[in-house]
Amino acid sequence: DDEYTHWNCPDTEWVTTLSDLVNPKKIIQKKDDFDEDWLRLRYYKKWEEPKKIGKDKYFGRRKDVFYLIESYLVRKTDKLNIIKYLENRNLWGRQMPERRDEHSLLFNREKFWSPAYLDTYQSNKRIWYTIPDTSYKVLVTTEAANGGIENDKSGACGSYRIPCKYIFEKMQLQYAPVDGLLKNMEGEIIVFNHNLRGVLIKKKGLIQFLNENKLEIIWTVLGEKLSFIDDRNEESYFKVPCGVFWLNEHGKMEGELKMYDRY
């Protein structure tokens, strides 16, 4: 990802500025060494102001920026209305449906086939969730692939994300030998976890799946610009860049960020 370097700006001016931020389009869509396009289904990215020489990292004023990127499947007939609804919306707080199973109680690779999985989710087969204050439904694209074992000290039980059950089954995905990688029926790796905070899927395969099922994908970006100081006698500054992003009919990404107050 691009680095953020615009730290040397007066706080009150810096916190309200949008033009210096890394464009979310460059974060959501990536290109690999073989010129293949990938899309992030979920991602958390944080930039922290470098520590000044001679200064303590955790005392005094410091700045940071973060993006939380989530994606949702929407019906083609609802896409434009949902985008219109989200384009001017402050997403701070619980404004969108959230992933279920944030911390999976299952062992690794038990989704979505095992008796343990079927027993755990037999009473919760809901996949579409309504955006608050609307009638529009979305499907959250990812969920946890495995969870922690209580009191386990081995370090072998890390958490990662995979596409949700609907995508997993409709695209006929399979677990690859390496945790975090999923392959299609032809054995091609099309889902990749490059770190624990995000999951990538091959754009070509996802677009084919969306077209076959009359669906579209949108992304929401919830961010924060924070200039913070521990001293109660000085003011801290917070602003919230938010936006909705989508692919147009030619597969090109559109959307923009807008700045809001935190509350």
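Student: Is Asp1 buried, partly exposed or exposed?

Tutor: Burial is read from relative accessible area: buried means under 20%, exposed over 50%, and partly exposed in between, with a 1.4 Å probe and protein chains only. Asp1 has 34% relative accessibility and therefore counts as partly exposed. The model is predicted: local features need pLDDT of at least 70, side-chain atom pairs count only at pLDDT 80 or more, and totals for chains, interfaces and linings use all residues. Residues are numbered from 1 along each chain as its sequence is written, and side-chain values use heavy atoms, with hydrogens and water left out.

Student: With which residue does Asp1 form a salt bridge?

Tutor: Side chains of opposite charge can pair when their charged atoms come close. A salt bridge is a side-chain nitrogen of Lys or Arg within 4 Å of a carboxyl oxygen of Asp or Glu. Asp1 meets Lys45 in such a bridge, at 4.0 Å from N to O. This pair links distant parts of the chain, 44 residues apart, with Lys45 in strand β2 and Asp1 in the segment before α1 (11-14). Helices (H or I, at least four residues) and strands (E, at least two) are DSSP runs, numbered from the N terminus. Lys45 is buried, at a relative accessible area of 16%.

Student: Which strands pair with β2?

Tutor: Two strands pair if DSSP finds at least two bridges between them. Strand β2 (residues 37-48) pairs with β1 (residues 29-31) in the antiparallel sense over three bridges, and Lys31 stands opposite Asp37 there. Five bridges join β2 to β11 (residues 198-202), also antiparallel, with Tyr43 opposite Gly198. Seven antiparallel bridges connect β2 with β3 (residues 62-75), where Tyr44 stands opposite Leu68.

Student: Which residue takes a positive phi in the hairpin of β1 and β2?

Tutor: Five residues lie between the strands, and Asp35 takes a positive phi near 65°. Asp35 also forms a salt bridge with Lys31, the closest N and O atoms being 3.6 Å apart. Asp35 counts as exposed, at 57% relative accessibility.

Student: Which residues touch the most other members of the largest nonpolar core?

Tutor: In soluble globular proteins, nonpolar side chains tend to be buried together. A nonpolar core is a set of buried Ala, Val, Leu, Ile, Met, Phe, Trp, Tyr and Cys residues joined through side-chain atoms within 4.5 Å. The largest core has 48 residues, of which Leu73, Phe209 and Trp219 touch the most other members. A second, separate core of 17 residues includes Tyr72, Leu86, Val240 and Cys242.
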